[in-house]
Amino acid sequence: MGYLTGLRCRSCGRDYPAVPLNACDLCFGPLETTYDYKAISKVLTRKRIQNGPLTIWRYQDLLPADGTDPIDLSTGFTPLIKARNLGRLLGLNELYLKNDAVNPSYSFKDRVVSVAATKAREFEFDTLACASTGNLGGSVAAHAARAGMASYIFFPADLEHGKMVGAAVYKPTLVAVNGSYDQVNRLCSELADSYPWAFVNINMRPYYSEGSKTLGYEVAEQLGWKAPNHCIIPAASGSLYTKIWKGFHELASLDLIPPVHTEMHLTQPAGCSPIATAHEEGLDQVRPIKPDTLAKSLAIGNPADGFYALQVIQASKGTATIVPEEEIAEGIEYLAQTEGIFTETAGGVAVSALRRLVQRGVIKADETTVLYVTGNGLKTVEVVQSVVHPLNISPTMTSFQQSIKSE
Amino acid sequence: MTKLRVRFTFPDNLVPRPVIWELSQTFKVVTNIRRAEVQENTGWVILELTGEEVEIQTGLEWVRTTGVEVELVSGDVLEG
């Protein structure tokens, strides 16, 4: 049984029952799930969590869906790895990587989609849908396949063919939209009002986004039940960033970890940095921009949670770092060559941001620091094509030896 | 009839101009303000527009020509 009590508007505070709805009818503010924390505090212990499955569903008491039969591809409880080599190079003794590149569809999106899909089935939807340029579409199609549900994935028609394969293989209905980025956005928002489908990040968004909290819970548990001193998190909509913070605070309010003093460091690429730019300019609202970045998984110009992300930066005494586009590939290569982990562009942004934070003296040597690797490098191989320069030889021993000598 | 939830962001030079009134006078669009914040040098308004699709679209194109930024309230739903 779950402890979800309903939805509440984050702007005007109006309460709603737990229904598929993402915006307040009155003021159009975003809705967030509410829970019976008093009841949770009576049952939830570290031991109860530790006895749960090695997936995100070990935290089902704090998720908005009933975890007794979740739609789950075994997502979560991904490795938290001590980064000895990278740490040594940067002068950090307690640097950890949360490697979410090893989730079933190779990104953190499996966390949010597993929660959204499970909730969608509770609401008796038979179809999952989303608008995506990569990670999200693949995850939605995979979960729909697992659940025996239909799925519709909308994407801009000019998307590279390779990016579609990661979703197409699960046999969703792929819809290529002939139109600009803005037109695709607008169409999908409208479709969600007209079709009886669970659009994971539209009408299911209050439930979907809660899945990201598990990236806070897991890190705290894996660090021995404490929140780190610093988190470095790449941001698109700002949702992941705010939910990791929420996850730490929920555990602390339930006395499962000590009080939280984590500095939350948000990072975005120069080609799409509306949240970080607003922070730099001291604004409390994000001004939307047109994305033009190599980091396609971060290309959200009008971030739904930008306002709330700005509040978390302030509340946590965190920072916002804008990473130049040319440092994205550098970050990917640096992580691969020091720690053997191949991340996609969002991870490259995070690694480059970490280097900058260390240079600025924001992170001290013995402070526990967690860098979130949110997706797998095989999704964006085109960004690091320049690393390929093999020794070209004839199939003879001599040719090999000559080639090695001149290397 | 179509309904669309949008956010208008006004740069400082346009804060005094009644752009929403002009929109409703020039196009057959009903404007229904739900939330707003107006400061000295900037302002934003969240509103619902109701009307025929083509009227809303041409109306929004006109709003953009004034220098007011127009975005969907829901934020971007196309995710990576």
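A polar contact is a pair of N or O atoms within 3.5 Å, where one atom must be able to donate a hydrogen and the other to accept it. All views below show a predicted model.

**View 1. B:Arg35 and its contacts in chains A and B.** B:Arg35 is found in strand β2 of chain B, which covers residues 29-38. A polar atom of the B:Arg35 side chain lies 3.0 Å from the backbone oxygen of A:Cys27. Apart from residues up to four places away in sequence, B:Arg35 touches A:Ser11, A:Cys27, A:Phe28 and A:Gly29 in chain A, together with B:Trp44, B:Val45 and B:Ile46 in chain B. Because its relative accessibility is 21%, B:Arg35 counts as partly exposed. The C-alpha atoms of B:Arg35 and B:Phe10, which are 25 residues apart in sequence, are 14 Å apart in space.

**View 2. Charged side chains over aromatic rings, at B:Trp44 and at A:Tyr334.** In chain B, B:Arg7 lies over the face of B:Trp44, at 4.7 Å from the ring centre. In chain A, the charged end of A:Arg355 sits over the ring of A:Tyr334, at 3.9 Å from the centre of that ring.

**View 3. The open sheet formed by β2, β1 and β3 of chain A.** Three strands take the order β2-β1-β3 in this sheet, and their pairing is antiparallel. The edge strands, each pairing on one side only, are β2 (15-16) and β3 (31-35) of chain A. Strand β1, residues 4-9 of chain A, pairs with β2(A) in the antiparallel sense over two bridges, and A:Arg8 has A:Asp15 in β2(A) as its bridge partner.

**View 4. A:Glu94 and the polar contacts of its side chain.** A:Glu94 lies in the loop of chain A between α3 (84-90) and β5 (95-99), and with a relative accessible area of 24% this residue is partly exposed. The A:Glu94 side chain is joined to that of A:Lys82 by a polar contact of 3.3 Å, and to that of A:Tyr96 by a polar contact of 2.9 Å. Not counting residues up to four places away in sequence, A:Glu94 touches A:Lys82 and the residues A:Ala365, A:Asp366, A:Glu367, A:Thr368 and A:Thr369. A separation of 9.9 Å lies between the C-alpha atoms of A:Glu94 and A:Asn229, which are 135 residues apart along the chain.

**View 5. The largest nonpolar core, with 44 residues.** The residues with the most contacts inside this core are A:Phe248, A:Met264, A:Leu266 and A:Tyr372. Among the elements of chain A that give two or more residues to this core are α9 (214-222), β10 (230-234), β11 (263-269) and β13 (369-373), while the largest share, seven residues, comes from α10(A). Beyond its neighbours within four places in sequence, A:Tyr372 is in contact with residues including A:Lys98, A:Val219, A:Ile233, A:Ile244, A:Phe248 and A:Ala350. A second, separate core of 33 residues includes A:Ala83, A:Ile341, A:Leu357 and A:Ile363.

**View 6. A:Phe342 in a loop between two helices of chain A.** A:Phe342 has its place between α13 (326-339) and α14 (345-359). This residue counts as partly exposed because its relative accessibility is 30%. A:Phe342 and A:Ile332 are ten residues apart in sequence, and their C-alpha atoms are 6.7 Å apart in space. Leaving aside neighbours within four places in sequence, the contacts of A:Phe342 include A:Ile332, A:Gly375, A:Asn376, A:Leu378 and A:Val384.

View 7. The rings of A:Phe123 and A:Tyr207 form an edge-to-face pair, because their planes stand at 70 degrees, with the centres 5.5 Å apart. This pair links distant parts of the chain, with A:Phe123 in the loop between α4 (109-122) and β6 (127-132) and A:Tyr207 in helix α8, 84 residues apart. A:Phe123 is partly exposed at a relative accessible area of 24%, whereas A:Tyr207, at 0%, is buried. A:Phe154 and A:Phe199 form a stacked pair, 6.1 Å centre to centre and with 20 degrees between the planes; A:Phe154 lies in strand β7 and A:Phe199 in strand β9, 45 residues apart. A:Phe154 counts as buried at 6% relative accessibility, and A:Phe199 counts as buried at 0%. Ring pairs link A:Tyr152, A:Phe154, A:Tyr195, A:Trp197 and A:Phe199 into a cluster.

Notes
Residues are numbered from 1 along each chain as its sequence is written. Chains are lettered from A and ligands numbered from 1 in the order in which they are written. This is a predicted model: local features need pLDDT of at least 70, side-chain atom pairs count only at pLDDT 80 or more; totals for chains, interfaces and linings use all residues. Side-chain values use heavy atoms; hydrogens and water are left out. Helices (H or I, at least four residues) and strands (E, at least two) are DSSP runs, numbered from the N terminus. Buried means under 20% relative accessible area, exposed over 50%, partly exposed in between (1.4 Å probe, protein chains only). Contact means heavy atoms within 4.5 Å. A nonpolar core is a set of buried Ala, Val, Leu, Ile, Met, Phe, Trp, Tyr and Cys residues joined through side-chain atoms within 4.5 Å. Two strands pair if DSSP finds at least two bridges between them. Rings of Phe, Tyr and Trp (its six-membered ring) pair if their centres lie within 6.5 Å; planes under 30 degrees apart count as stacked, over 60 as edge-to-face and the rest as tilted. A charge sits over a ring if NZ of Lys or CZ of Arg is within 6 Å of the ring centre and within 35 degrees of the ring normal.
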